[in-house]
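Let's take a friendly walk through a protein model, one region at a time. Keep the 3D view open beside you as you read.

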2 protein chains.
Amino acid sequence: MSEPEPIPIVGGTGALGAGLALRWAMAGHPIAIGSRSAERAEEAAAKLREAVPGAAVEGLLNQEAAHREEVVFLTVPFRAQSENLNNLREALRPGQILVDCTVPLAAAVSGKATRSLGVWQGSAAQQAQEMVPEGVAVVAALHTVGAPTLADAGAELDEDVLVCGDRKADKARVARLIELIPGLRPVNAGPLEMARIVEQLTPMLISVNKRHKIKHSGIRITGLPG
Amino acid sequence: MSEPEPIPIVGGTGALGAGLALRWAMAGHPIAIGSRSAERAEEAAAKLREAVPGAAVEGLLNQEAAHREEVVFLTVPFRAQSENLNNLREALRPGQILVDCTVPLAAAVSGKATRSLGVWQGSAAQQAQEMVPEGVAVVAALHTVGAPTLADAGAELDEDVLVCGDRKADKARVARLIELIPGLRPVNAGPLEMARIVEQLTPMLISVNKRHKIKHSGIRITGLPG
């Protein structure tokens, strides 16, 4: 079997991106960490190679990373989502899948992390779908995984990842990448518009964390076969 | 120990109300089933006494049921919520807790059950809070339990119930009633405004059910202590 292609993470130097990169590296999967700064991308890559000896990881400019593989993860905060999508206009090409992990927390505009912003298009993912070049499909996922938990290599994961998108095949493809991380179970939650609800789970879980004085709660869907 | 007071269920002849009544009766708790029609309330009560021999259950007009106990459950569909709250204006009194289980599915106006309506106040529960008499506190809960699953006495429950409300003591009181039903774990999800998100879980789970060809999926919060 040939070496799998690296997973590109736009915003891979941020908390969520770095956490995912660590987990995929731990699973033996190659990673392309993207950043606005090639230097910071390479720093993050070096740090990851130190944390996971033998990890196949490179640091690139976001545009270079996004151009690499068919499935691209966008892990920037909501405040930076539009800017990043603007910067990716020339890099993304038809046939690619952009996995948007953005959550429109009110914290993006100095509000509470237990509240969310109304996004004109209905959800951050639908905003992304409007902004990507024609022929690029957006899939929404990974909103409820906790960056600090991902970043803690010793922490066991045990939760579901709700995946929204308009094409079953796209969601299945993203699901296979999510499944590479032990303890995460992807669950097809419906079309991309369902991101309106799935993105809201994050402020709700932050509220649960506060109420129960815990660092991370996750979502599990009961009643699924298998 | 004296006999516990009956739990009043406004709309107790509907699918969710009847399902909850069955489960509380199975747990040995007395119930007051409310309906707009005293006759239908008594019919439902008789049916419940047949299903659960020895069940302490009475059928009453909604207004009579709501006047009985301090914690009142409102289990009507969203389409009927305002009408019912109008009818309860004279029946409810300060100090009572109204547990709103309403979900503003778009199905209420012939839309899809996988979509929801925007409610002016932010959520059905907040609409209820605006409509109840001064001094009545609204708690939102039980949106994601499935009426057919509750109504199937042989079906095992195994899921969480997210509880929203502005006073911790009110939520704890409602939680104790929910805990009477084996397999349901109440989880404090935050203030009443969090119902904006929690009410949305129902259309999301309906979408999950469709995608996975199952009858009922539920919510579980991972990472909680105990």
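## Where the two chains meet

The contact between the chains takes 35 residues from chain B and 35 residues from chain A, where contact means heavy atoms within 4.5 Å. This is a predicted model, in which local features need pLDDT of at least 70 and side-chain atom pairs count only at pLDDT 80 or more, while totals for chains, interfaces and linings use all residues. Residues are numbered from 1 along each chain as its sequence is written, chains are lettered from A and ligands numbered from 1 in the order in which they are written, and side-chain values use heavy atoms, with hydrogens and water left out.

Together, chain B and chain A bury about 2,600 Å², and 64% of it is on carbon and sulfur atoms. Buried area here is the accessible area (1.4 Å probe) that two parts lose on being put together, summed over both. Of the area that chain B buries against chain A, 21% comes from Ile197(B), Met204(B) and Thr222(B), more than from any other three residues.

The rule finds 2 salt bridges across the interface of chain B and chain A; a salt bridge is a side-chain nitrogen of Lys or Arg within 4 Å of a carboxyl oxygen of Asp or Glu. Glu193(A) and Arg115(B) meet through their side chains in a salt bridge, at 2.7 Å from N to O.

Which element gives the most to the side of chain B that touches chain A? It is α9(B), with 8 residues. Helices (H or I, at least four residues) and strands (E, at least two) are DSSP runs, numbered from the N terminus.

## A strand covered on both faces

Now look at strand β5 (residues 97–100) of chain A. Ile97(A) and Val99(A) on one side, and Leu98(A) and Asp100(A) on the other, are all buried. Buried means under 20% relative accessible area, exposed over 50%, and partly exposed in between (1.4 Å probe, protein chains only). In a regular strand the side chains alternate between the two faces of the sheet.

Strand β4 (residues 71–74) of chain A pairs with β5(A) in the parallel sense over 4 bridges, and Phe73(A) stands opposite Val99(A). Two strands pair if DSSP finds at least two bridges between them. β5(A) also runs parallel to strand β6 (residues 137–140) of chain A, joined by 4 bridges, with Ile97(A) opposite Ala137(A). From β5(A) the chain crosses through helix α5 (residues 124–131) of chain A to β6(A), in a right-handed β-α-β crossover. Right-handed means that, with the strands pointing away from the viewer, the path from the first strand over the helix to the second runs clockwise.

## A buried threonine

Thr75(B) sits in the loop between β4 (71–74) and α4 (81–88) of chain B. Is Thr75(B) buried or exposed? Thr75(B) counts as buried because its relative accessibility is 7%. A polar atom of its side chain lies 3.1 Å from the backbone oxygen of Gly11(B).

## Ser110(A), although not a glycine, has a positive phi of about 70°. Ser110(A) lies in the loop between β5 and α5 of chain A and is exposed, with a relative accessible area of 73%.

Lys213(A) has a positive phi too, near 50°. Lys213(A) is found in the loop between α9 (201–212) and β9 (218–222) of chain A, and is exposed with a relative accessible area of 73%.

Note on methods: A polar contact is a pair of N or O atoms within 3.5 Å; within protein, one must be able to donate a hydrogen and the other to accept it, and residues adjacent in sequence count only if both atoms are side-chain atoms.
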